[in-house]
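Let's take a walk through this model, one neighbourhood at a time. Keep the viewer open and follow along.

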Amino acid sequence: MRLGATLAHLSDAPPHPVAEWARRLAGAGFESLWTPQIIGRGPLVPDPFVTLAAAAAATGGVALGTATVQVPLHHPADLAHRVLSLMAVCGDRLSLGVSPGSTRDDYAALDRPYPARFRTFDESVARLRVLLTEGRDEHAVLAPAPPTGPPPVLLGSWGAKVERAAREFDGWLASAYRTTPDEIVAAHARYRAAGGRRAVVCAVPVAADPGPTGEVLHRYAEAGFDEAVVLIGPDGPDPEDVRAVFP
C-alpha cells in the first residue's frame, strides 16, 4: 500500500506554506499529496487547484490528487478548464477525486442549491469526462485533447454509492475523517465485491503519537487498500515520524 499525505490540515491554524510543506512531505517519503475543496466553513483551506499547482512545481515525481472536488459547485466547463490547466503543470501525476459534497455551508457560500447536488453532480460529471478526454464538446472548445489522456476520476462516496464507484469510476475515495476503521474496511469489501479497482482511504487522522495511526494503516493494507493518505494537524508529529510507522 502506498502512503500519501494531505497538504491541508483542516483546523483554525493558518495554512502551511504550500510549496515548503509539499517539499517536506515528499522529502519524508510520502508518495502522493492530496488536498480537499472546502469553502465557507471559517478556516482557510486553500483552493485545491492553486495548492496542487504549487505542490507540482515544488516537487518532482510525487503523485497529486483532489480529495475531493465538489463538482456541483462548479460549471463543468470551468472545472474542466481548471483541471486541464493543472495538468499543464503536473502532467499525468494527477488523480481527480470528485464528489457531490456533503456540507451545506459550502453551497451557501457560493449560493448553489444544496438539495439538487446529486442531480447536478451526475449531469456535470458526464460533460466533464468528455471535456477532459477531448478538450472540447459541442458547446465549448477548451484545449487540444490531453496528450496523456484524461486523469483517473475517483468517486468519494459512502452508502450505496460505494458500488457505484466500482461500476462507473476509476477508483474510490473513502474518507477516514469521521469514519471508523471498521466501517471503512467493511465498505472496502463491498467495493471489491462489486468489481472495484483502485481504492484510496484518505484523511486518516494522525495524533501526537503516530503509533496508533501505524496500526490503523497496517489494517488498511491488510484489507487490500491501494493507498492511504494521512492528515497531519498543525501541532501533529513530524512527517518523518509519521512515515516511519508505515515503512
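Start at Ala-203, which lies in strand S7; helices (H or I, at least four residues) and strands (E, at least two) are DSSP runs, numbered from the N terminus. Ala-203 is not a glycine, yet its phi is positive, about 55°. Ala-203 is also buried, with a relative accessible area of 13%. Here buried means under 20% relative accessible area, exposed over 50%, and partly exposed in between, with a 1.4 Å probe and protein chains only. Before going further, bear in mind that this is a predicted model, in which local features need pLDDT of at least 70, side-chain atom pairs count only at pLDDT 80 or more, and totals for chains, interfaces and linings use all residues. Residues are numbered from 1 along each chain as its sequence is written, and side-chain values use heavy atoms, with hydrogens and water left out.

Why look at such spots? Most residues other than glycine have a negative phi, and most peptide bonds are trans. Asp-111 also has a positive phi, near 55°, without being a glycine. Asp-111 sits in the loop between helix H4 (104–109) and H5, and is exposed, at a relative accessible area of 71%. Then there is the peptide bond between Ala-67 and Thr-68, which is cis, with omega about 0°. Thr-68 belongs to strand S3.

## Helix H1 and what packs on it

Which residues of helix H1 (residues 18–28) are buried? They are Trp-21, Ala-22, Leu-25 and Ala-28. Looking down the axis of H1, these buried residues fall within an arc of 130°, so they line one face of the helix; the arc is that of the directions from the helix axis to the C-beta atoms. On the face of H1 turned away from the buried side you'll find the exposed residues Glu-20 and Gly-27.

The cover over the buried residues of H1 includes strand S1 (2–6), strand S2 (32–35), helix H2 (48–58), strand S8 (227–232) and helix H9 (239–244). After H1 comes Gly-29, with a positive phi near 105°.

Thr-51 is part of helix H2, and is buried, with a relative accessible area of 4%. Setting aside neighbours within four places in sequence, Thr-51 is in contact with Leu-7, Val-18, Thr-35 and Pro-46, where contact means heavy atoms within 4.5 Å.

Glu-227 is in strand S8, and is buried too, with a relative accessible area of 2%. Not counting residues up to four places away in sequence, Glu-227 touches Met-1, Arg-2, Ser-32, Trp-34, Arg-198, Ala-199, Val-200 and Val-201. Over in the loop between S1 and H1 is Ala-13, partly exposed with a relative accessible area of 25%.

## Pocket and cavity

The largest pocket has a volume of about 900 Å³. Its lining takes in 35 residues, with Arg-41, Ala-67, Thr-68, Ser-102 and Ser-175 lying nearest the centre. Elements giving two or more residues to that lining are S2, strand S3 (63–70), helix H5 (117–134), strand S5 (153–156), strand S6 (171–175) and strand S7 (198–206). By class, the pocket lining has 17 nonpolar, 14 polar and four charged residues. Ala, Val, Leu, Ile, Met, Phe, Trp, Tyr, Cys and Pro count as nonpolar, Asp, Glu, Lys and Arg as charged, and the others, Gly among them, as polar.

How many cavities of 30 Å³ or more are there? The count comes to one, and the largest cavity has a volume of about 100 Å³. Of the 14 residues lining the largest cavity, Leu-7, Ala-8, Pro-15, His-16 and Pro-46 are closest to its centre. This lining has nine nonpolar, five polar and no charged residues. On a 1 Å grid over the protein atoms alone, a cavity is a set of points where a 1.4 Å probe fits but cannot get out, while a pocket is an open set with protein on both sides within 12 Å along at least five of seven lines; lining residues have an atom within 4 Å of a point. Grid points are joined across faces, edges and corners, and a volume is the space filled by probe spheres set on the points.
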